[in-house]
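This report describes selected features of one protein model.

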Amino acid sequence: MWFWFSLIALICWSGSDLFSKIGCQDADDKYSHLKMVMAVGVVMGLHAAYEIFIGGVSVTWHVIWTYLPVSLLYIVSMALGYVGLRYIELSISSPICNASGAVVAVLYLCFGGLDEDLSGVMRVMVLLAIALVCVGVIGLGVVESREDDELRRARQEASNYRYAKSWLALCLPIAYCLLDAAGTFAYSLVLRTLDEDSANCAHELTFLLAAIVCFVYVVLIKKSRLVPKREGPKYVGALCETAGQFAYIYALADTEHVALAAPIISAYCVASVLWSRLFLKEKLSWKHYAMILLVVIGIVILGLYDA
């Protein structure tokens, strides 16, 4: 089941990317990234309440404190990602951010290893699949970042927005990548001692606390208004984020397949690039499609292994 949970997380998180981008792109709202954190925290808090009071999930202070470092890594990385969405194309940001899956695969191969039952040709094929997904994800970021400025401007003629490359814009998704990779690797280790449902609720409650802190700062201290028309896409993105998180929990709960699940989940940037082309009018070149093809081939191979 790890494969299907990974695909669900891929689809939901690509939707979260799209709607988060729409919700954070207002140039005149300098707190849009914090409002996005508020939206995600509210939705996750509601889901945690449902799981605790209706689903009967038990969450203790021990679980919350044990999972807190992992939650903080994820929350900080996501906040940085939301900041980056204000200054850079989604088709650049998402591939760079999600190179974290490649980092996780490398970490897990170094310290955790693959399923001991894998041998011979199957082991080679699985390692090849991981390599294809990682190369494709990283390659998308490289293609975007090294593209000629004139070609970029030509591609952006029909786009809804114009962007100029800067070191800050590229550093934000890179920071997300490193923090998210650290969180994912730590998460796979923590789940060896915690129940996945309890861990997920602990994460959602921590995110709710972050949302409350952001609300106090943005709305009560800085007096920034919450405009329903602008906040709507943020909450759609938050719903996708929460659904993706739920699937992600169960995908990584199978600790023997973390090195396989992480590259698949990170490949949601492929769908994000496609959504950005369809809805944000961010055009793609043949190099983009070549990288996407590598990722798809890798996912298919991993899916055959799961079967």
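## Cysteines

A disulfide is counted here as a pair of cysteine sulfur atoms within 2.5 Å. The model is a predicted one, and a search of the whole structure finds 0 disulfides.

The pair C12 and C240 illustrates this result. The cysteine sulfur closest to that of C12 belongs to C240 and lies 6.1 Å away, which is too far for a bond. Seen from C240, the closest cysteine sulfur is in turn that of C12.

## The largest pocket

The volume of the largest pocket is about 160 Å³. Its lining consists of W61, I64, W65, L68, L72, L205, T206, L209 and A210. Two elements, α3 (61–84) and α9 (196–221), each give two or more residues to this lining. The largest share, 5 residues, comes from α3.

By class, 8 of the lining residues are nonpolar and 1 is polar, while no charged residues take part.

## Helix α3

Helix α3 comprises 24 residues. From its first C-alpha to its last it reaches 33 Å, close to the 34 Å expected at 1.5 Å a residue.

A bend of about 50° occurs in α3 at L68, a residue that also lines the largest pocket. A proline, P69, follows within four residues of the bend.

Notes:
Residues numbered from 1 in each chain as written. Predicted model: local features only at pLDDT ≥ 70, side-chain atom pairs only at ≥ 80, totals over all residues. Heavy atoms only, no water. 1 Å grid on protein atoms, 1.4 Å probe; cavity = no way out; pocket = protein on both sides within 12 Å on 5 of 7 lines; lining within 4 Å. Points joined across faces, edges and corners; volume = space filled by probe spheres on them. Nonpolar A, V, L, I, M, F, W, Y, C, P; charged D, E, K, R; others polar. Expected span 1.5 Å × (residues − 1). Bend = angle between axes of the 7 residues up to and from the residue.
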